[in-house]
Amino acid sequence: MLNSIIGHEKVKIQLDTILQRKEYNRTYMFYGPSCSGKRTTAFDYAKTILCDTLTGDDCNCRSCSMFVRDHPDFLCIGRDERIKVADVDRVLDFSEVAPFLSNSKVVVIDNADSITWEASNRLLKILEEPPKMFTYILVTSDPNSILNTVRSRCIRVEFNALSQMDMVNVIMSRMGFEPVKARLLGWIGHGSSVDIFARAGKYLKYRDIAVDFVSGMKNRGLIDSMDFIDKVGKNDMDVFVDMVILVMTDVALLSNKIENIINLDLRDDLKKIGSNLNAKAFVGAVGWFSQVKKDQYLNINLSHAMKTALIKSRPLILVEQPS
Ligand SMILES: [Zn+2]
């Protein structure tokens, strides 16, 4: 059971043990860092509890084939906005009706820390005496923001951050990315606050834009390069900065005869960009752009920081190659 969950061996053992005891009327709190797979695991667990054969993985029973879209015995709240009283009322209504298709019912309360105080107290009414055959799963990356009276009623299931390898595997198996792109996205997402699962498409789009930016660094005039930066939307600037630094780093590595790069699929293109630059001086230029990441944490305007890096690195980019 729960074999589709990648990583999280301790969590799997904990949940499997409860499943084997067939104890369904439980309230859980799945907690741990963002992007560690709490919500996905909550959904997989719900699917398994509702499954006719209690397997869930690769199962085609009536319940599994209806999960998650139209399953009458499954409810998820809290995915988009703060959880308000009206949302908890939906949980109350759902909890008053017996299971329809499966032998039990499951509620996932995502972003449970976003619940208002009034809604928390209403939720407490259900959790104080949960109806038989009902499972409630609160999902949160900030457990301390949940009322102590709610928290104390939950079985605590702790998630640790995914390892880089597990993250790459999740990106491949759940999102369908090929290994080279999954490796790149895993590298960006691991150990950072970036929700790479939600922003994967944006990162790949801006990688192409970053390659365009870096490849023109030497021949494009300073004003044109500044215009290039201005065309990047304010909300996307952090992604653009990340990808420019990543592309520049790989160009610098390749020009210095180091093959251990992240953008393996762009190796030839990046090598070509490097052939136009002075390898030693370009390392210094990468340093100026890497400084922008530090500015980001100081809340300095990123567009402005990028332009500063551009001006400071310009003499290094224009250095001719040794003949
Ligand atoms: Zn099934």
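I count two strands as paired if DSSP finds at least two bridges between them. The model I examined is a predicted one.

**Entry 1: strand pairing.** I looked up strand E2 (residues 74-77) and strand E3 (residues 105-109), which pair in the parallel sense over four bridges. Phe74 stands opposite Val106 in E3. Between E2 and E3 I followed the chain through helix H4 (residues 85-96), a β-α-β crossover that is right-handed. I then turned to strand E4 (residues 134-140), which runs parallel to E3 and is joined to E3 by five bridges. Here Lys105 has Phe134 in E4 as its bridge partner.

**Entry 2: the sheet.** I read the strand order as E2-E3-E4-E1-E5, an open sheet of five strands with parallel pairing. E2 and strand E5 (155-158) are at the edges with a single partner strand each, so one side of each has no neighbour in the sheet. On average, neighbouring strands are turned by 20° against each other, direction ignored.

**Entry 3: helices on the sheet.** I noted helix H2 (residues 38-50) lying across strand E1 (27-31), E2, E3 and E4, at about 170° to E4. H4 also packs on the sheet, where it touches E2, E3 and E4, and its direction makes about 170° with that of E2.

**Entry 4: nonpolar cores.** I found 48 residues in the largest nonpolar core; Ala210, Val214, Met243, Val244, Val247 and Val251 have the most contacts inside it. Helix H11 (237-255) is among the elements giving two or more residues to this core, and its eleven residues are the largest share. Beyond its neighbours within four places in sequence, Met243 contacts Tyr203, Tyr206, Arg207 and Ala210. Apart from this core I located another, of 37 residues, including Met29, Cys51, Ile83 and Val106.

How values were computed:
Residues numbered from 1 in each chain as written. Predicted model: local features only at pLDDT ≥ 70, side-chain atom pairs only at ≥ 80, totals over all residues. Core = buried A, V, L, I, M, F, W, Y, C linked by C-beta atoms within 7 Å. Buried ≥ 20, exposed ≤ 12 C-beta atoms within 10 Å, placed from the backbone. Contact = placed C-beta atoms within 7 Å. Right-handed = clockwise from strand over helix to strand, strands pointing away. Axes fitted to C-alpha atoms, helices over the stretch in contact; angles between N-to-C directions.
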